[in-house]
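Welcome, and thanks for taking a look.

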Amino acid sequence: MAQIRIVNLRKDFGSFNAVKSSTFTIEDGEFFMLLGPSGCGKTTTLRMMAGLELPTSGEIFIDGEEVGMKPASQRDIAFVFQMFALYPHMNVRRNISYPLVSQGMPRTAVRQKVHEIAEILGITNILDHPVGGLSGGDRQRVALGRAIVRDPKAFFMDEPLGALDAEFREHMAEELRALHDRMGATTVYVTHDQLEAMQMGDKIVVMNQGIVEQFGVPQDIYDWPATKFVAQFIGSPPMNFLDFHGMVGKGGTSVTLDGTAFSLPRMIEGANGDLTFGVRPEHIQFDDSARYRGRIVATEYLGTTQIVSLDTPNGQIKARIASHEAVGIGQTTGLRFDPRTVTVFDAGTGRALRSEANHGVLAHG
Amino acid sequence: MAEVILSDVAKSFGSNVALDGVSLTIPDGSFVVLLGPTGAGKTTTLRLVSGLETADRGRIQIGGRDVANLTPAQRDVAMVFQQYSLYPHLTVRQNLEFPLKSPILRTPRAEIDRKVGEVAEILQISHKLDNKSTALSGGEMQRVSIGRALVRNPSVYLMDEPLSSLDAKLRSDLRIELKSIQVNSGATLLYVTHDQIEAMTMATHVGVLDKGRLVQFGSPREIYENPVSVYAASRLGQPRINVLPADLFGAAPAGATHIGLRPEHIVQGEGQDSFVQRVEHLGDQTRLHLSFRDHDLITVTEAHTPLKGGDIVKIRPEKPYFFNATGARVT
């Protein structure tokens, strides 16, 4: 098993700069997510780690050894692709055995190892079936089996659940995570699905346009986004942005939006100009005695909660409240924002201003 | 706009029964979402109403008129498919205008411009109106194909997973837009999806289909809070309802074989010990994967819970549903 360290990694395709300068560390045994929209450089990063692309500059360390220029075959990595390909003319057992047989492992050892893997994956009953007649889930399990049977240093997965329908995907995500918990192998997983990343990952790297926007544990990233991009990309609905022109002093604990003062965590850095007040939907409360008003424009029922869209003097926002609270479209309501959870951003650069609440998280990002 | 009534409609493709006697009333001005997994009969229902397929049995009425002998054009329906098809040689504007320029309608020019402008605004494609339709991204093409239906004023809109190819942000914007179009215009919509969020947030009525049969029909809240079966209960709610042996937590009502517990209906801190297998921080809430008497279950708790894997937490069911051996609701 392995620790993987990425230092100032860069990749250019001709004049296109796919990955700008990534630095992050994947600890031994972590389930690590590379998250971002399509074209952000997450797959390119993974392919460089695997040895399928050569970096333009920068270093990749696997267990302390720099492997940036080593071929894929010498890195001892197992790669699971989105489109898993099995050998169609072989049965399940031979598909899983193949990597071991080609390494020249003795037959009895192969048999034992394959059996062990099949147990872990819960596919002992189909070992002698041809792969042609298998369900999508079983095919995926066989593909995984072929990857893990070699005991590689790390597993790399590129949207392995991308092709599955929503219901089954949820199930496989849980299965993959449980498998990881049993085996403890370092796993690097590429996805564009923020929920999948939050759900499965021990740590997340959020990438956008070739840049690492933030790196850390899921809850920290959700609570204290380093940039407006992260705040919008993580969370459904995303963080609300109330744009305003004003100032927030160093050491200050409030800002003024449309004539109303709102409390904040104590600011470590101040700013003046175009700013954004960021608050998550579940940290908005309706209170008719509050001075700041919003007009309800839409509600969306979601079972126990509902999402309410409101027009405010600083733009449209969405609040998540209990579904039994009655709200009428067209009505106005007073709004309060939980001051402990607020992030203020520089609207121009999109960067979060440091406060006593978020500086611990932003310091290591 | 019009009411649509299906009475005992059946359709088979060879030996495969797609619809097995569905009766359904889509009230005038309602937004009806048909929900179910692949193969439940959702799309077949839509195609039968549109006239793209003919029913083997039963009757379909649109606005009080039996449509059995009417062509799709005569039925006055507007359909949006999952796979968009635009006229490739026309611009976005020309594509959107096309239905209005039909010789039967004779829409005045000013009216066409107004309507196209309005729809383009709603669908966030105003800046692309003069682009060739082939010079658009997939999401933009799908918005144009929705727009082409919206410029018309048919008796019913039929939509087959129109948002499934769009990205998350656009999908959530368009959910609200489609809903407000329907509310403001009083349009009747029959909408097919397997996305429960779309069903819950937009529908006035949800029809739950299972293997060609309509198993429940009601408001999203009715189906969420008062499901008739395990199947209906499993259609709505994320994470999904926990279905466990009826007597797992104590005495069960007569005839019950299973207890159904929505993740949010498991009280923590009281009751009996369960083992925390895994904690998933999703940001706004945290999911707990628990093991209770050799059964796995999922519950939700506050975002910043101190619980972690390996801990013991007491749980107690609240508002349980009980189901019998066939999956039907007992209490």
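In α1(A), the buried residues are A:K42, A:T43, A:T44, A:T45, A:L46, A:M48 and A:M49. Please keep in mind that this is a predicted model.

**Helix α1 of chain A**
- This helix spans residues 42-50 and is mostly covered, with seven of its nine residues buried.
- After α1(A) comes A:G51, which has a positive phi, near 95 degrees.

**Helix α1 of chain B**
- In chain B, helix α1 takes up residues 42-50 and is mostly covered, as eight of its nine residues are buried.
- Buried here are B:K42, B:T44, B:T45, B:L46, B:R47, B:L48, B:V49 and B:S50.
- B:G51 follows α1(B), and its phi is positive, near 95 degrees.

**Where chains A and B meet**
- How many residues does each chain bring to the contact? Chain A gives 21 residues and chain B gives 20 residues.
- On the side of chain A that touches chain B, the elements giving two or more residues are α6 (194-200), α7 (218-223) and β16 (293-302) of chain A.
- Of these, β16(A) provides the largest share of that side, four residues.
- Sorted by class, the side of chain A that touches chain B holds nine nonpolar, seven polar and five charged residues.

Methods:
Residues are numbered from 1 along each chain as its sequence is written. Chains are lettered from A and ligands numbered from 1 in the order in which they are written. This is a predicted model: local features need pLDDT of at least 70, side-chain atom pairs count only at pLDDT 80 or more; totals for chains, interfaces and linings use all residues. A residue is buried if 20 or more other C-beta atoms lie within 10 Å of its own, exposed if 12 or fewer, and partly exposed in between; C-beta atoms are placed from the backbone. Two residues are in contact if their C-beta atoms, placed from the backbone, lie within 7 Å. Ala, Val, Leu, Ile, Met, Phe, Trp, Tyr, Cys and Pro count as nonpolar, Asp, Glu, Lys and Arg as charged, and the others, Gly among them, as polar.
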